[in-house]
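Hi,

Here is the structure I promised to pass on to you. Please have a look at it first, and then read my notes below.

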Amino acid sequence: MSLGSQGNPVALHETYLHHWVAVRYYQRIGIEDKKYKGNSGFLGSDQIIAGNAGICSHGLSQFFGLGSETRKTSTRVPDPYGIEVGNPLEVPSGYEEKWMLNIHAIDTRGTDDPMGCTECRCDLYNVTNDKYPNYVGGLYCCYDGAQCKVKNGLESVKRNLYLKYTVKWVDWSDSIVPVKIFIFDVTDTWEKTGIHDCLIEYDVEQSTTGIATNDYTSSKWSSVRFPISGDVVYGVAHQHSGGIGSALYRKDGGVICSSKPIYGKGNDVGDEAGYIVGMSTCYPEPGSVKIAKGETLTLESNYSNEVSHIGVMGLFYILVAESTSESNYPVQVYEEVLKVPILSWGLAVFGLAICAAVLVAYQRRRQSEDGYQSIAA
């Protein structure tokens, strides 16, 4: 969640959390961390991205990631499953494992068109986009430091912003069933090109027939061939404002997981009207939802097209266990609550788009050290 300098939660209509993603990577030993920067800076051979299991050929390499829906979306990995990290056998020689939080927040206080700012409409930002002449909005127009148009005569008020998050982990053992992380993107071009070129964002045009048909639904689909066999243990979609739901289907139309947005209805933090404040999730009974290797899966992403939407996303996360072995052994869960600054300079001004890459390295420490809290699994 986003927090002010006093530790109070910040409403989405003041600072919109476009996304945060947690990326695992390997860094050459002896290279100095640049802890706060506007981009990841992963250049050359000093850093290697340790991405998820797929599906995209590039981008979307995160292990975790959400946006405005963070507060009311469950990210719990169910027992006895776990995501394995910190395995020294996976780390290339001469490197060490690290983590990065990439955070994209947009301060919409005092802006002419707050929702337009959250959609990163190019005509609202102080940017030029000659490289993509037909591009009307999206991530290329609200990069770090870009300014969304504010009302005339308004003077910015600076403030500190932080992202507070909780890390839970267990010491790995044979009692844990490992899962792989897969991210589907409805803009994946695999069906047409044979390549998983994920464009990440797309536009939704305003309907010209909605009044006559009483239907304001814009649907987009993409299909992929799944690379492994396993059991689905978790699923959730990521959509922007205007989204009305997403689902992952089998070739015969059977639903693997359906995820729908929860919209706020008021002004309170966590219930902001017009914003997606949560997404429903799927937790199938172990072994009840299986995917076969080579099976064709279809992702559907639905948005309302009563008005146009720019730079939207249609992503779907699933966790898949290749092993269906059961475990009844208890595991010890450790928890740590952390707070990191969203801004490299620690300040937000009206209309500012903020993209911060915060590099964090964790050491495995015992429960008794540094006040870690242990909870029963």
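A polar contact here is a pair of N or O atoms within 3.5 Å; within protein, one of them must be able to donate a hydrogen and the other to accept it. Please keep in mind that this is a predicted model.

A polar atom of the Glu-272 side chain lies 3.2 Å from the backbone nitrogen of Gly-270. Glu-272 sits in the loop that runs between strand E16 (261-263) and strand E17 (276-279). Is Glu-272 buried or exposed? Its relative accessible area is 0%, so Glu-272 is buried, as the cut-off for buried is under 20%. Beyond four places in sequence, the residues that Glu-272 touches include Ala-11, Leu-12, His-13 and Arg-71.

Next, take a look at Ser-246, which belongs to strand E14 (residues 243-250). Ser-246 has 3% relative accessibility and so counts as buried. A polar atom of its side chain lies 2.7 Å from the backbone oxygen of Glu-300. Glu-300 is also among the contacts of Ser-246 beyond four places in sequence, as are Cys-257 and Phe-316.

Strand E14 leads us to the sheet. Four strands form an open sheet in the order E12-E20-E14-E15, and their pairing is antiparallel. Strand E12 (217-225) and strand E15 (255-259) are at the edges; each has a single partner strand, so one side of each has no neighbour in the sheet. On average, neighbouring strands here are turned by 15° against each other, direction ignored. E14 and E15 are joined by four bridges, and Leu-248 has Cys-257 in E15 as its bridge partner.

Best wishes

Conventions
Residues numbered from 1 in each chain as written. Predicted model: local features only at pLDDT ≥ 70, side-chain atom pairs only at ≥ 80, totals over all residues. Heavy atoms only, no water. Helix = DSSP H or I, 4+ residues; strand = E, 2+ residues; numbered from the N terminus. Buried < 20%, exposed > 50% of the residue type's maximum accessible area, 1.4 Å probe, protein only. Contact = heavy atoms within 4.5 Å. Pairing = 2+ DSSP bridges. Axes fitted to C-alpha atoms, helices over the stretch in contact; angles between N-to-C directions.
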